[in-house]
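Please take a look at the sequence and structure below.

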Amino acid sequence: MGQDGLDPIDPTTLDDARAMRISWREPALIVIVCLILFLAGNARTGLWDRDEPRNAVAVHEMRARGDWLFPSFNGEPRYHKPILIYWLMGVSTAVFGENPAAARLPSALAGTGVCLLTWLLGRRMFGPRVGFFSALMLAVAPIMVAESKLATTDATLTLWLTGCQLCLWELSRRDAPKLAATFWVLLSLATLTKGPVGPALLAMTGLFAWWWGCPAAAVWRRLHPRRGLIGFALLTAPWYLVALLGSNGRFFQVAVNQQLVQRVATGMEQHGAFPGYYAALSLVVFFPWSCLVPMAVLGAWRRRKVDRNLGFLLAWVVGPMILLECVQTKLIHYYLPAYPACALLAAWVVVAASREEVTLRRWTLGRLGQGLIAGIGLTVGVGMTAAAIVVSARLRLPLITCGAVVSLGTLASLLQLQRGATQRGTFGLIATTGGMMLILAGWLIPAAESLRVSRIVGERLAALEAETGFEPLLMNYQEPGVIYAIGKPVAAVRDPQALLTWLDEKKAMITAVTPEELELLSTNFGVALTPLEEVKGFNPARGTRYKLLLAVVRRAVDAPRPDESTARAGGDEQTLVK
């Protein structure tokens with residue numbers, strides 16, 4: 001036996017036969033933990049700009065029109081994502097009402113499903129303890145909690161892909177036509193959730209799994225590809241064809257050219273990043289389990305030929321990362337479908353060290369892992385406590401509490417790891433991380449809700465419209481959260497010609513501008529603005545403070561209409577304020 005535990009791990013040696021039987025207690029506890037974390041604070045926290053309100057508004061408009069085939073946002077067609085997430089959110093909001101909690105419910109349920117599948121896969125690969133630890137690790141990981149609380153596609157996509165991975169692993173062990181059919185159904189659901197991303201991530205996993213000795217050829221035969229691809233096409237093609245024909249080709253232009261090709265070739269919306277972005281960011285968003293992953297990857301690499309399960313997990317971790325590093329647009333949630341494999345490897349390390357009755361420090365990179373847990377955990381805990389000095393009074397107590405939980409919990413868990421009580425220390429880290437995420441989601445973030453600018457602006461514009469009769473008009477400040485808060489399509493312009501056209505028709509409208517824009521608009525674009533009130537707050541999506549003026553905007557008396565050269569001054573794109 002080497003220091004990295006290179007002996008094969010037989011699940012039956014980890015627990016007795018009675019423990020191998022599936023009890024309702026473990027999955028019930030996992031579901032309870034997931035739902036507490038994934039639902040906490042959702043009803044008291046507004047939708048985060050920008051994707052959440054875009055999706056929620058699209059669902060609202062589809063329901064209002066009775067049209068379940070063509071999403072729209074602010075009255076304009078929205079072809080950015082396939083249809084499935086809108087259907088799921090539509091069912092949820094129809095049952096529970098149009099509110100943030102209902103919009104986020106599909107993601108919360110999907111995240112819970114991901115953790116249950118991880119538990120099942122871990123049990124079948126390495127035994128009950130690995131399954132239980134991996135599910136709880138994943139459930140409390142910051143990235144998993146965050147994505148399971150957002151009205152977006154990523155948690156749902158991860159559910160389908162994790163199910164696909166489970167099917168592939170089972171098919172590597174035996175021929176099972178029902179599992180093959182399940183795989184193709186899940187792949188269809190993934191494609192209806194986020195297009196070709198799901199198949200691409202699975203293909204990269206399969207490529208590396210084949211390279212590292214997994215029986216990929218046998219799995220492919222057991223998938224019955226001819227029948228499977230026909231079924232896949234029958235499930236996915238109808239909506240895509242309807243969208244393509246119903247949009248006169250516009251769907252293809254946006255979904256393929258803009259959302260796929262441009263994301264691969266360019267850093268869209270300033271989301272380019274440095275090489276190694278996913279490994280570096282994972283250290284934070286998958287903390288503390290990210291600190292165990294390097295030692296787990298190294299240990300798994302050394303024994304991948306002895307245990308094909310480890311080769312499969314390595315492929316699941318490495319394949320998607322290499323694919324996503326080749327894409328110029330980088331966002332950390334793109335890597336979410338690979339985190340179940342990271343959790344399984346981290347749990348495997350913990351159980352292996354416990355079985356050998358050695359500390360994690362005896363493994364190669366074990367000292368580094370414990371050092372990272374100490375450094376990051378204590379830095380986050382002390383940083384939260386220190387931040388309480390400068391934040392709003394309503395945020396101080398939750399910040400101090402969260403900082404204390406992280407600092408003390410990290411220290412107590414490290415003490416257990418240092419003594420060789422690896423499982424007890426791991427449970428301590430699970431409790432610490434879960435407590436931190438519960439305080440953040442259920443207390444700190446809802447306490448900051450009154451500072452969210454887009455919600456305040458939207459609600460005040462709706463109220464001012466009711467008082468004055470003037471319709472809202474969005475100019476440079478066009479956060480989707482404003483449209484969601486107003487609750488209906490809103491006029492939105494960015495060039496002078498369109499602005500004056502609206503004012504010629506409506507005579508006067510209500511808008512939101514910064515103090516600097518107020519002066520520039522009045523001077524350069526032939527409009528008169530009358531401030532009504534001031535709104536101050538914070539834009540969490542951009543991490544900036546905002547001060548906006550809500551004002552009545554009219555066309556100035558005898559003001560000339562700006563010509564095309566004036567509208568385009570300073571660049572090719574027409575904008576009201578440069």
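Is Phe-312 buried or exposed? Phe-312 is buried, because its relative accessible area is 8% and the cut-off for buried is under 20%. The model is a predicted one.

## The Phe-312 and Trp-316 pair

Aromatic pairs come to a count of 20 in this model. One of them joins Phe-312 and Trp-316. Their ring centres lie 6.0 Å apart, and their planes meet at 65°. Planes over 60 degrees apart count as edge-to-face, so this pair is edge-to-face.

Both residues sit in helix H17, which covers residues 308–325. Phe-312 and Trp-316 are four residues apart there, so about one helical turn separates them. Trp-316 has a relative accessibility of 1% and therefore counts as buried. Phe-312, at 8%, is buried too.

## The Trp-348 and Trp-363 pair

Trp-348 and Trp-363 also form an aromatic pair. The distance is 5.6 Å centre to centre, with 90° between the planes. This pair is edge-to-face.

The pair links distant parts of the chain. Trp-348 belongs to helix H18 (residues 339–356). Trp-363 lies in the loop between H18 and helix H19 (366–387). The two are 15 residues apart. Trp-348 counts as buried because its relative accessibility is 0%. Trp-363 comes to 2%, so Trp-363 counts as buried as well.

## An aromatic cluster

Which residues form one aromatic cluster? The members are Phe-274, Tyr-277, Tyr-278, Phe-286, Tyr-335 and Tyr-339.

## Packing of H5 and H6

Helix H5 spans residues 84–96, and helix H6 spans residues 100–126. They pack at an angle of about 135°, and their axes are 8 Å apart. Angles over 145 degrees would count as roughly antiparallel, and 65 to 115 as roughly perpendicular. H5 and H6 are therefore oblique to each other. Their crossing is right-handed.

Which residues make the contact? H5 supplies Leu-88, Met-89, Ser-92, Thr-93 and Phe-96. H6 supplies Ala-102, Ala-103, Leu-105 and Pro-106. Seven residues of this contact are nonpolar, two are polar and none is charged.

Gln-370 is part of helix H19. Gln-370 is buried, because its relative accessible area is 7%. Leaving out residues up to four places away in sequence, what does Gln-370 touch? Its contacts are Leu-360, Arg-361, Leu-414, Leu-417 and Gln-418.

Ser-188 is in helix H10, residues 177–194. With a relative accessible area of 2%, Ser-188 is buried. Ser-188 touches Phe-232, Leu-235 and Thr-236, again not counting residues up to four places away in sequence.

## An exposed proline

Pro-177 also has its place in helix H10. Buried or exposed? Pro-177 is exposed, because its relative accessible area is 53% and the cut-off for exposed is over 50%. Ser-188, in contrast, is buried at 2%.

How far is Pro-177 from Gly-487? In sequence, the two are 310 residues apart. In space, they are 48 Å apart, C-alpha to C-alpha.

Terms used:
Residues are numbered from 1 along each chain as its sequence is written. This is a predicted model: local features need pLDDT of at least 70, side-chain atom pairs count only at pLDDT 80 or more; totals for chains, interfaces and linings use all residues. Side-chain values use heavy atoms; hydrogens and water are left out. Axes are lines fitted to C-alpha atoms, for helices over the stretch in contact, and angles run from 0 to 180 degrees between N-to-C directions. Angles under 35 degrees count as roughly parallel, over 145 as roughly antiparallel, 65 to 115 as roughly perpendicular and the rest as oblique. A crossing is left-handed if the near helix is turned anticlockwise from the far one by less than a right angle, and right-handed if clockwise. Contact means heavy atoms within 4.5 Å. Ala, Val, Leu, Ile, Met, Phe, Trp, Tyr, Cys and Pro count as nonpolar, Asp, Glu, Lys and Arg as charged, and the others, Gly among them, as polar. Rings of Phe, Tyr and Trp (its six-membered ring) pair if their centres lie within 6.5 Å; planes under 30 degrees apart count as stacked, over 60 as edge-to-face and the rest as tilted. Buried means under 20% relative accessible area, exposed over 50%, partly exposed in between (1.4 Å probe, protein chains only).
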